[in-house]
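Dear colleague,

Please find below the structure for your review. My notes on its ligand sites follow it.

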Amino acid sequence: MYIGADYYPEHWPRNRWETDARLMKKAGFNVVRLAEFSWVMLEPEEGRFEFDWLDDAINVLGRQGISVILGTPTAVMPAWLARKYPNALAVQNTGQRIVWGLRKNNCFTNGAYRLLSERITRAMAGHYHNNPRVIGWQTDNEINGPHCYCDTCRAEWQDWLRARYGSLQTLNQAWGTHFWGHFYQTWGEIQTPTHEHHNPSACLDWRRFNSWLNIRFQHEQVVVLRSLCPRHFITHNFMAFGTTQTNPHDLAMDLDVAAWDNYPVWADPEIKYGAACGADLVRSLKKKNFWIMEQTAGGGGWDVLNRNPRPGEIRNIALQQVAHGADAMVWFRWRTCTAGREQYWHGILGHDGKPGRRYRECTATARDLHKLAPLLANTTLKPKVAIVYDQDSRWAFETQRSYKNNEVPAAIRRYYDAFFRAGINVDIIRPSDPLTGYKIIVAPELFVLPDATASKLCDFVRAGGVLLTDLRTGVMTETCLAHTHTLPGLLTDMLGITIEEYEGLNGDKQTYPLAGTDAFPGTFTSTLYADWIKPGQAEVLARYDAWHLKSHAALTRHRHGKGTGYYLGTIAAEPAFYDALIKAVLDSAKLKPVLAPPPGIEITLREGASRKLLFIINHLEQAVTMKVPAGNVELLSGRRTGPSLTLDRYGAAVIRLK
Ligand code: GLA
Ligand code: ZN
């Protein structure tokens, strides 16, 4: 198993490298990621390359048995590049060029930037393809834009639209340019949508186009790496749901393995739902296990400091990811940098470079992971539940939220967290992924719903699947025109409902009491949005308790073919509502967790190679005693399980099921 750190030898005097490498080895590390921000050190002036320092660092590390992943260093362009080719810097929507000095300042259509990025990639690949220490590549770093509004981007945008729509007549129709008299008569008239109130169809395509630019940029590097380094793997460090600039499923297509950067103490959650959900997305990108390329090793912050991981929490964070399918663990960063914007972003070592508490915890965690590694081999999660994440819908909501603060990842989390609490593992798939093998599909806020996807969801239910979908689903066509059918459009027969009216609700002032029926007992609160559902054929599970909505439903269920379709037309304030709903959905699918976890405990199952490994993670700062399957081996302690098990605060257990 690869375990290690993100290391920046160029930040430290050479006479320190040996100490670092020895400390890494002592910690059980066998990999580092290097160089993803080192373009100017590798190419100090255009066309002159200097690899000696990096060769030396790789040699020092190599002597301690440490392998290397190299980042293509294009996330920060050298100052000389920006000076020599100023158009390489992106133009903001105000028309002003970005001032060089951060990261990701580049325009993705600028010829100089693309050629130079390809050239540094080629130079590095040529230099390192035979280096026995180098095992793989990370493309760029957290690829995520920016949107650029320069002239070449505009020209490419027009070309992209021409390729997509073929004729202006088709584009005018697809965008509905009759509105406000925005009809285009030449391709050259098409503007980049600089304002959030530009035509929503144009805004959605603009986001698709920008995602495509990012993917093309990565592809140009991948082509070089594949041809020069056929033995190396190629990965990229995703931000899971943390950026909307690039469709992650598309970006992953060119890669061998997906990786991600996990910083869960940032938002200080008690229970790390977000880290679990991010991991499930990243695992689902390639439908296989993934790497952690940056794992929280200390408190972060670019201005104020975040909290420090508590004793035991570094291990908890790492094991949670392994429980979700991580097969490698790289902590960010080895040593806290004394300079620059990330002086506060704490690594395993502090500014002083002395191995302390965090080093000891990483060492102990590495020991656990090496111990588990042989049994983890060829195991992964095999969920029977998938949540659909639709990037198009997320983008479309960016120009028309529909209700206050609407965010697709938050919509996903309403259900995701309830599955987590129920001890049920999920995949996070894209709408075009196959649905075979799943018993339950949850499709939150599929705002942009092409007919083909709608039909696929109906087929899934007809064949015996359980579908749960909700508000704003099926509102828009693929080009962000409102469908003209009565909602929920093609899903009507399957869900057994119609929705003629709906509304946004304004914060705390406007809510409805939400009353469950006998089949779904309880009272809750409906917030932010309400579909006025006409139940038709469907069974009503909850209603709005409001004088004008007595005959309407808020939550329905409908048997269709061999399966069941659930529809929720609102957002409940109470997590308990979602727990009850997910319980009902699980019952409909006759699906049970391996083990029902007590509050604060997370359960996942890695299986394969005739092994079943049950991960139990305690997210609480207190010990928890719970029932477990007796007579199995707990792999971290090597002890046989009795009928119950006590997990320390932040503790974990990995039970090999018989
Ligand atoms: C991201 C980047 C890192 C670093 C960390 C901490 O994940 O990939 O280079 O900037 O955030 O800020
Ligand atoms: Zn540009």
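The notes below cover conventions, then ligand 1, then the zinc site.

The model is predicted: local features need pLDDT of at least 70, side-chain atom pairs count only at pLDDT 80 or more, and totals for chains, interfaces and linings use all residues. Residues are numbered from 1 along each chain as its sequence is written, chains are lettered from A and ligands numbered from 1 in the order written, and side-chain values use heavy atoms, leaving out hydrogens and water.

The residues surrounding ligand 1 (a heavy atom within 4 Å) include Phe37, Arg103, Asn237, Asp261, Trp302 and Trp345. By class, this shell holds five nonpolar, two polar and five charged residues.

The zinc ion (ligand 2) is coordinated by the SG atoms of Cys107, Cys148, Cys150 and Cys153 at 2.2 to 2.3 Å (donors are N, O and S atoms within 2.8 Å of the metal, or 3.2 Å for Na, K and Ca). Angles of 102 to 117° among the four donor atoms make the site tetrahedral (all angles between 85 and 135 degrees). Along the chain, these donors follow the spacing C-x40-C-x1-C-x2-C.

Yours sincerely

Notes:
Nonpolar A, V, L, I, M, F, W, Y, C, P; charged D, E, K, R; others polar. Tetrahedral: all angles 85-135°; square planar, octahedral: opposite > 155°, others 65-115°.
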